[in-house]
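Please look through the structure below alongside the explanation that follows. It takes one part of the chain at a time.

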Amino acid sequence: MALSSFDIDAPRWDQSTFMGRLKHFFNITDWRTALLPDSRLDEAKALVESCRAGSIPPGTTEEQLHYAKKLYDSAFHPDTGDRMNLIGRMSFQVPGGMAITGCMLQFYRTVPAVVFWQWVNQSFNALVNYTNRNAASPITPKQIGVAYVTATSTALATAVGLNLYTKKAPPLVARWVPFAAVAAANCVNIPMMRQQEILNGIAVTDENGNKLGHSKKAAVKGIIQVVISRITMAAPGMSMHKKRITYLHGPIQVMMVGVFLVFMVPAACSLFPQRCSMAVSKLEPELRDVIVSQYGDAVQRVYFNKGL
């Protein structure tokens, strides 16, 4: 294939299948990309943009183009093209998540420890949720603050309540406290951090990317899928318990969580297509009527970025 006709935005793997999405997310959530300097990421972005403009530098190989797109997808927001903060990237989920989750699993016997590590975890989650939102929906600093406080306080209340309830419970039951707290907090943190999408709707397009309007129902569908993915992402590591694996302490436990996350981050992200779709018939009546009046039966489904 002549590189002059190379479509750098064409998916390398079939995004309509779980295995295709899994290969894609294994590629772009590679934790090693989080170690690269911004200058290297900017070089990759420049190459991607040159390819889009049909001006590929002489001597560039197809492998180099694929790697540049990998770095671009791992570090730049799909809606805005802006470089995402390091901690909020999915490629940082393994090093960041393994450290925090390991500490939550290790220090869960006292209320102060539970409170502190849940606060750290929810602060991390809030940043990830903000970074991976649908950026077409703006959010003010005040709304970010409200979302952060609400999500964190809910997680703390859940964790502390469960911690007190299970003080005299068997170790196996107590071990589920961190997971229950994380699951409950995700159900609040993600919708709260992305509340403007629910209140005002997110941009939906036709199959060719032509904007059709904004839909609140599309926003709700996308956010529900993200919540399910995040809980799935945390489940295996958070469900480890000392009753059966008594030697998982300190650094060893952290490393085991990291091993889980290396596989679970891409697997959880792959549960649903990032480019989500919805039948026109299931949209809000006002938007549905507008689409039908302009396009008739030509547009059967709308598409949108659900975020991660």
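In this predicted model, the end C-alpha atoms of residues 252-272 are 32 Å apart. An unreviewed UniProt entry places the feature "transmembrane region" at residues 252-272.

Next comes strand β3, which covers residues 275-279. Four of its five residues are buried, so β3 is largely enclosed by the rest of the structure. Buried here means that under 20% of the relative accessible area is left. The partner of β3 is strand β4, residues 301-305, and the two pair in the antiparallel sense over five bridges. As one example of this pairing, Cys-276 has Phe-304 of β4 as its bridge partner.

Helix α2 takes us back to residues 38-52.

Which residues of α2 are buried? They are Leu-41, Ala-44, Leu-47, Val-48 and Cys-51. Around the helix axis these residues cover an arc of only 120°, which means that they sit on the same side of α2. What do the buried residues of α2 pack against? Their packing partner is α3, residues 62-75.

After α2 comes Gly-54, which has a positive phi, near 80°.

Definitions and conventions
Residues numbered from 1 in each chain as written. Predicted model: local features only at pLDDT ≥ 70, side-chain atom pairs only at ≥ 80, totals over all residues. Heavy atoms only, no water. Expected span 1.5 Å × (residues − 1). Buried < 20%, exposed > 50% of the residue type's maximum accessible area, 1.4 Å probe, protein only. Arc of directions from axis to C-beta. Contact = heavy atoms within 4.5 Å. Pairing = 2+ DSSP bridges. UniProt positions renumbered as here; feature names shortened; annotations may be inferred.
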